[in-house]
Amino acid sequence: MLIRSERLKLRLLTAADLPDLIDFHGDSESVRYIPWPVRSQRDIQIWFEKAKNYTGIRNDDGHLLLAVESVESGCVIGQVNASLLRDGNNTASVGYIISPKSEGKGYATEAVRAFLDYLFLEEALHRVVLDIDVRNVRSIKLAERLGFRLEATHLENDYLKGEWCSMHVFALLSREWQSN
């Protein structure tokens, strides 16, 4: 599987990507609002053994995880993922992370935009949701840039890294995406 945008390739992870993953899996600020801890190189190897099987939302596990590769450098600078929430309703939750070395260059927006094109057009999803910590201003702005609607705010509904967090739920329908 390969999804291309102007500056990026979104593709399945390979073992060769492991050294690049430490830039964002191992960075405390990068994973601040993500429900997994800072990972060591060994933790990434253990995680990869499970994650390499996330090859399609229509598969038995209902997960797709793709590396975000810079066309210019050939390095993995992030990842995007989707998990099918309700197969009958064609709804998936999406997540993303970009290396701190690549932040502020529009890569996250470009990657998520290309991923949404794939999910809505190729996978025929009806709805995509984003759960975003209310303190994660950059992700909130990304969701708004891509046309997501704020549908709900759940107060202190998630216990993350030793504290209660409130979460925004953003959503986007296929017909809304196609009218963008």
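Tutor: A residue is buried when its relative accessible area is under 20%, exposed when over 50%, and partly exposed in between, as found with a 1.4 Å probe on protein chains only. This is a predicted model, in which local features need pLDDT of at least 70 and side-chain atom pairs count only at pLDDT 80 or more, while totals for chains, interfaces and linings use all residues. Residues are numbered from 1 along each chain as its sequence is written, and side-chain values use heavy atoms, leaving out hydrogens and water.

Student: Why does Ser40 count as partly exposed?

Tutor: Ser40 has 34% relative accessibility, which falls between 20% and 50%, so the term applies. Ser40 sits in the loop between helix 1 (18-25) and helix 2, where helices (H or I, at least four residues) and strands (E, at least two) are DSSP runs numbered from the N terminus. The C-alpha atoms of Ser40 and Ile22 are 7.1 Å apart, although 18 residues separate them along the chain.

Student: What makes Arg32 partly exposed?

Tutor: Arg32 has a relative accessibility of 37%, and is therefore partly exposed. Arg32 also belongs to the loop between helix 1 and helix 2. Setting aside residues up to four places away in sequence, Arg32 touches Leu160 and Lys161, contact being heavy atoms within 4.5 Å.

Student: Is Ser174 buried or exposed, and how do you know?

Tutor: Ser174 has 12% relative accessibility, so it counts as buried. Ser174 is part of helix 5 (residues 174-178). Beyond residues up to four places away in sequence, Ser174 touches Phe120, Leu125 and His126.

Student: Why is Leu10 called buried?

Tutor: Leu10 has a relative accessible area of 0%, and is therefore buried. Leu10 lies in strand 2 (residues 8-12). Its contacts, not counting residues up to four places away in sequence, include Leu66, Val80, Ala111 and Phe115.

Student: Which residues touch the most other members of the largest nonpolar core?

Tutor: Leu10, Phe115, Leu116 and Phe148 do so, in a core of 36 residues. A nonpolar core is a set of buried Ala, Val, Leu, Ile, Met, Phe, Trp, Tyr and Cys residues joined through side-chain atoms within 4.5 Å. Phe115, apart from neighbours within four places in sequence, is in contact with residues including Ile3, Leu10, Leu64 and Val94.

Student: How do you know that the span of helix 3 is close to the expected one?

Tutor: Helix 3 has 16 residues and reaches 22 Å from its first C-alpha to its last, close to the 22 Å expected at 1.5 Å a residue. The expected span is 1.5 Å times one less than the number of residues. Among the buried residues of helix 3 are Tyr107, Glu110, Phe115 and Phe120. Just after helix 3, Ala124 takes a positive phi of about 55°.

Student: How much space lies in the largest pocket?

Tutor: About 1200 Å³ lies there, a volume being the space filled by probe spheres set on grid points joined across faces, edges and corners. A pocket is an open set of points on a 1 Å grid over the protein atoms alone, where a 1.4 Å probe fits, with protein on both sides within 12 Å along at least five of seven lines; lining residues have an atom within 4 Å of a point. Strand 6 gives the most to the lining of the largest pocket, with six residues.
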